[in-house]
Amino acid sequence: KGTNFLIVNSDIEFPKDSLKNIKANIITFGFNHLATVTFSSVTNESLLISVQRNFPDISGFLVDVGEYCFSIDKADRNYIYEALVCYIIMALIAENQ
C-alpha cells in the first residue's frame, strides 16, 4: 500500500512553500495553535496533548480529534517535543483506535 508520512515541527521557522510538492500525509506538531497535534497544557506532572485535526494512521483509519493526558516526571519536562512525536508515532501505528 505504501502510505507516506512527514512529521513536521511547526514551531521551527522554514519556508512553508517547501512542503507543497510533498506527496505525503503531513502532520504538524508543536505549540503553534495551527499544528495538527499541539499541547493544551504542560505542567511539571503532565502533558495534555490535543489532536486538532484528524489524520490517517498507517491502516487508513482516522486518528480522532481530542485531548489526551499523559503523566511525566519533572525531570522529563525537557523532552516534551519528543513526547509529542512519540504520541504521533504511536497513533500512526496503533491498531483499531
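Residues are numbered from 1 along each chain as its sequence is written, and side-chain values use heavy atoms, with hydrogens and water left out. Because the model is predicted, local features need pLDDT of at least 70 and side-chain atom pairs count only at pLDDT 80 or more, whereas totals for chains, interfaces and linings use all residues.

Helices (H or I, at least four residues) and strands (E, at least two) are DSSP runs, numbered from the N terminus, and two strands pair if DSSP finds at least two bridges between them. An open sheet of five strands has the order β1-β2-β3-β4-β7, and its pairing is mixed. Its edge strands, β1 and β7 (66-71), each pair on one side only. On average, neighbouring strands of this sheet are turned by 25 degrees against each other, direction ignored; the axes are lines fitted to C-alpha atoms, for helices over the stretch in contact, and angles run from 0 to 180 degrees between N-to-C directions.

Strand β1 (residues 5-9) runs parallel to strand β2 (residues 25-30), and five bridges join them. Within this pairing, Leu6 is opposite Ile26 of β2. Two bridges connect β2 with strand β3 (residues 37-42), also in the parallel sense, and here Phe29 faces Val37 of β3. Strand β4 (residues 46-51) and β7 are antiparallel and are joined by six bridges, with Glu67 in β7 as the bridge partner of Ser50.

Six aromatic pairs are present in the structure. Rings of Phe, Tyr and Trp (its six-membered ring) pair if their centres lie within 6.5 Å; planes under 30 degrees apart count as stacked, over 60 as edge-to-face and the rest as tilted. Phe31 and Tyr81 form an edge-to-face pair, at 5.9 Å centre to centre and 80 degrees between the planes. Phe31 lies in the loop between β2 and β3 and Tyr81 in helix α1 (residues 80-93), so this pair ties together parts 50 residues apart in sequence. The ring centres of Phe39 and Tyr81 are 6.4 Å apart and their planes are at 85 degrees, so this pair is edge-to-face. Phe29, Phe31, Phe39 and Tyr81 form one aromatic cluster. Phe39 is buried at 9% relative accessibility, whereas Tyr81 is partly exposed at 28% (buried, under 20% relative accessible area; exposed, over 50%; partly exposed, in between; 1.4 Å probe, protein chains only).

Zero disulfides (pairs of cysteine sulfur atoms within 2.5 Å) are found in the whole structure. The sulfur of Cys86 is 16 Å from the closest cysteine sulfur, in Cys69, too far for a bond.
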